[in-house]
Amino acid sequence: MKLWLVRHGQTDLNKAKRMQGRTDAPLNETGIGQAAAAAGKVSGISFDAVYSSPLIRAVKTASIISGVPAEEIRIDERLIETDFGKYEGRRYYLLGPSMTLYWALPEVFPTPKTVETIPSMVSRSSSFLKDLEQNHSEDSNILISCHGGIIRALRGYLENRPDGIVWRPKPHNCEFYIYEYTKDGWVK
């Protein structure tokens, strides 16, 4: 099984450097262009399944990249972005010390109140990937379109990290992470 993990294209909130989380913002023109460019990188690949977060920016990205109509994409709530609680919509430079420090070094600083914890992100992402492993054949090509926060937890599972997360480097809009499932587990 080959997995093509991608972060959605740019939105106006990304451009304005605001915490986007679960706000259902659409792709902007740049984001649509990024998704089209990403589609060019995988042209000729036929995806056996296309999964997405329920948020419109991820669904649109998945549809553009795969060529699959939005209504045929498999929506999975476990792929939704991290819940940023009271920090939702705030500018990055106005988050305050607790969220700024946590988002920079979550392995050192505690999760601020109202923000989804890393164990929660790790739990839902590993649950999704375990289901994927059980429900798809070893020769499947699968596209997953989601978000920067949850990609960190998905990569933690795929790379067998003891803490369940790959925090750095941060995923960029329409950046692919490609993994293959072998007898020895997932390899990059």
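Visitor: In this predicted model, does Trp167 count as buried or exposed, and at what relative accessibility?
Guide: A residue counts as buried when its relative accessible area is under 20%. Trp167 falls under that cut-off and therefore counts as buried, its relative accessibility being 6%.

Visitor: Which residue forms an edge-to-face aromatic pair with Trp167?
Guide: In this pair the ring centres lie 4.8 Å apart, with 80° between the planes. An angle over 60 degrees counts as edge-to-face, and the partner of Trp167 in this edge-to-face pair is Trp103.

Visitor: How many residues apart in sequence are the parts that the pair of Trp103 and Trp167 ties together?
Guide: Trp103 belongs to helix 4, whereas Trp167 is placed in the loop between helix 6 and strand 5. The pair therefore ties together parts of the chain whose separation in sequence is 64 residues.

Visitor: Which residue lies over the face of Trp167?
Guide: Trp167 belongs to an aromatic cluster together with Phe84, Tyr102 and Trp103. A charge sits over a ring if, for Arg, the CZ atom is within 6 Å of the ring centre and within 35 degrees of the ring normal. At 4.6 Å from the ring centre of Trp167, the residue over its face is Arg152.

Visitor: How many aromatic pairs does a search of the whole structure find, and what is the distance centre to centre between Trp4 and Phe176?
Guide: The search of the whole structure finds eight aromatic pairs.

Visitor: Which strands does the pair of Trp4 and Phe176 link?
Guide: Trp4 and Phe176 are both buried. They are 172 residues apart, and their pair links distant parts of the chain, namely strand 1 (residues 2–7) and strand 5 (residues 176–182).

Visitor: Which helices each supply at least two residues of the lining of the largest pocket?
Guide: The largest pocket holds about 500 Å³ of space and is lined by 26 residues, with Arg7, Asn14, Tyr92, Trp103 and Lys170 nearest its centre. By class, this lining has seven nonpolar, eight charged and eleven polar residues. The helices that each supply at least two of the lining residues are helix 1 (12–15), helix 4 (97–104) and helix 6 (148–158).

Visitor: Is Ser46 buried or exposed?
Guide: Ser46 is located in the loop between helix 2 (29–41) and strand 2 (49–52), and its C-alpha atom is 9.7 Å from that of Leu143, 97 residues away along the chain. Its relative accessible area is 54%. Because a value over 50% counts as exposed, Ser46 is exposed.

Methods:
Residues are numbered from 1 along each chain as its sequence is written. This is a predicted model: local features need pLDDT of at least 70, side-chain atom pairs count only at pLDDT 80 or more; totals for chains, interfaces and linings use all residues. Side-chain values use heavy atoms; hydrogens and water are left out. Helices (H or I, at least four residues) and strands (E, at least two) are DSSP runs, numbered from the N terminus. Buried means under 20% relative accessible area, exposed over 50%, partly exposed in between (1.4 Å probe, protein chains only). On a 1 Å grid over the protein atoms alone, a cavity is a set of points where a 1.4 Å probe fits but cannot get out, and a pocket is an open set with protein on both sides within 12 Å along at least five of seven lines; lining residues have an atom within 4 Å of a point. Grid points are joined across faces, edges and corners, and a volume is the space filled by probe spheres set on the points. Ala, Val, Leu, Ile, Met, Phe, Trp, Tyr, Cys and Pro count as nonpolar, Asp, Glu, Lys and Arg as charged, and the others, Gly among them, as polar. Rings of Phe, Tyr and Trp (its six-membered ring) pair if their centres lie within 6.5 Å; planes under 30 degrees apart count as stacked, over 60 as edge-to-face and the rest as tilted.
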